[in-house]
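Please read the following report on helix packing and charged pairs alongside the structure.

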Amino acid sequence: MAGSTKAAAAGPRWRRTSKGYYVPVGVTDELPEQRILEKSMRLPPGGAVTGWAACRLLGAAFFDGLATDGRTRVPVPLWVGDLAQLTKDEHARVVRDRMVPGELTRRSGIPCTRPLRALFDEARAAPDVREAVVAVDMMAAAELSSIQQLVEYVDTMGGVNGVPQVREALELASEDSRSPNETRLRLIWQLDAGLPRPLVNQPVFDRGGRLLGIADLLDPVAGVVGEFDGADHRSAARHSADVDRENRFRDAGLEVFRVTGPDIPRRGVIVARILAARGRARWLWPHARAWTTTPPADWAVELPSTSARPWCRAGQVAPARPWHRLHCSRPPGPHSI
């Protein structure tokens with residue numbers, strides 16, 4: 001995109017993104033990628049975006065740059081090295097820790113950190129351990145990292161701020177979670193209700209080998225299923241499918257409770273719901289159950305993919321708009337980062 005003149009940039013048709021950089025007023029920063037691009041223009045030579053922004057650029061779509069309330073924007077993390085100076089910007093966060101050679105790459109022309117470094121920076125900067133777990137889970141869901149890979153990476157980062165939080169998050173992480181709120185529900189189950197770790201996105205079958213459904217969370221001892229209903233469950237067709245699956249679970253003797261997005265901040269309410277479900281559960285011995293987690297012999301053939309987790313990409317979508325529609329330019333003349 002051609003740059004504007006200084007006079008034009010000062011007019012009503014341009015929006016200033018940072019010192020020396022402008023975009024047409026019709027270009028909004030609602031798309032996370034546009035926000036990342038605008039802030040990346042401030043990077044010094046050799047710098048890179050990291051944390052959630054790099055995770056997003058690398059393909060992990062659940063990193064949307066919003067706080068847990070789904071509205072508040074979090075700053076774009078910019079790694080600038082030890083010496084570079086940036087003017088203060090409330091929409092960007094400066095990261096200065098050492099960078100190991102080979103940890104930088106580019107996506108659509110934007111310099112960013114590679115997956116493990118991006119995830120490490122996001123997890124250690126998370127507001128608490130739970131949100132660090134969400135970050136680890138969602139990078140695993142996007143198949144951009146694994147728990148073991150991050151464990152090995154963290155072992156090389158002794159002395160870097162935030163390592164204890166990342167280690168604690170790794171103890172709670174799962175590679176089978178489908179969404180951030182599903183992870184948050186699992187952590188309420190474990191940390192607030194104080195219950196054993198549930199199975200995550202577990203296929204459940206009847207004794208004839210028929211798939212009853214994939215339980216978001218499953219207590220295989222009590223026979224309790226926890227289901228998180230996100231925004232994608234609101235359509236009539238999806239709701240009907242959810243009801244059918246719940247009926248199959250109940251007919252097989254499983255007790256089901258459901259949680260929605262607005263419930264997540266109300267941990268006490270969810271704990272009560274979980275404990276009530278456990279109180280109603282049948283607690284049957286395995287031989288007396290009408291359900292099982294053991295797949296039939298031909299289950300692998302029935303799967304649409306040879307992946308052990310063919311559903312792990314659920315909800316992971318490409319950016320909503322093509323990259324060529326992202327804009328940032330500067331007028332000719334002196335400028336500074």
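## Asp-89 and Arg-42

In this predicted model, Asp-89 and Arg-42 form a salt bridge, with 3.8 Å between the closest N and O atoms. Asp-89 sits in the loop between strand 4 (76-79) and strand 5 (92-95), and Arg-42 in the loop between helix 2 (32-40) and strand 3 (48-49), so the bridge ties together parts that are 47 residues apart in sequence.

Asp-89 has a relative accessibility of 15% and counts as buried. Arg-42 is also buried, at 4%.

## Other salt bridges

The model has 24 salt bridges by the rule applied here. One of them joins the side chains of Asp-121 and Arg-117, at 3.0 Å from N to O. These two residues are 4 apart in helix 4, which means that about one helical turn separates Asp-121 from Arg-117. An α-helix has 3.6 residues a turn, so residues three or four places apart point the same way. Asp-121 is buried, with a relative accessible area of 3%, and Arg-117 is buried at 1%.

Arg-278 and Asp-219 form another salt bridge, their closest N and O atoms being 2.3 Å apart. This pair links distant parts of the chain, with Arg-278 in helix 10 (residues 267-280) and Asp-219 in strand 9 (residues 211-219), 59 residues apart. Arg-278 and Asp-219 are both buried. Elsewhere, salt bridges with shared partners join Asp-229, Glu-246, Arg-250, Glu-255, Arg-258 and Arg-280 into one network.

## Helix 4 against helix 6

Arg-117 also takes part in a helix contact. In helix 4, Leu-116, Arg-117, Leu-119 and Phe-120 meet Gln-149, Leu-150, Tyr-153 and Val-154 of helix 6. The contact residues comprise 6 nonpolar, 1 polar and 1 charged. The two axes come within 10 Å and cross at roughly 75 degrees; helix 4 and helix 6 are therefore roughly perpendicular to each other.

## Helix 5 against helix 8

Helix 5 and helix 8 pack with their axes 9 Å apart, at an angle of about 130 degrees, which makes helix 5 oblique to helix 8. Their crossing is right-handed. Helix 5 contributes Arg-130, Glu-131, Val-133, Val-134, Asp-137 and Met-138, which meet residues of helix 8 including Pro-180, Arg-184, Leu-187 and Leu-191. The residues of this contact divide into 7 nonpolar, 1 polar and 6 charged.

## Helix 7

In helix 7 (residues 163-172), the buried residues are Val-163, Gln-165, Val-166, Ala-169, Leu-170 and Leu-172. Their cover includes helix 4 (115-125), helix 5 (129-141), helix 6 (147-154) and helix 8 (180-192).

Terms used
Residues are numbered from 1 along each chain as its sequence is written. This is a predicted model: local features need pLDDT of at least 70, side-chain atom pairs count only at pLDDT 80 or more; totals for chains, interfaces and linings use all residues. Side-chain values use heavy atoms; hydrogens and water are left out. Buried means under 20% relative accessible area, exposed over 50%, partly exposed in between (1.4 Å probe, protein chains only). Contact means heavy atoms within 4.5 Å. Axes are lines fitted to C-alpha atoms, for helices over the stretch in contact, and angles run from 0 to 180 degrees between N-to-C directions. Angles under 35 degrees count as roughly parallel, over 145 as roughly antiparallel, 65 to 115 as roughly perpendicular and the rest as oblique. A crossing is left-handed if the near helix is turned anticlockwise from the far one by less than a right angle, and right-handed if clockwise. Ala, Val, Leu, Ile, Met, Phe, Trp, Tyr, Cys and Pro count as nonpolar, Asp, Glu, Lys and Arg as charged, and the others, Gly among them, as polar. A salt bridge is a side-chain nitrogen of Lys or Arg within 4 Å of a carboxyl oxygen of Asp or Glu.
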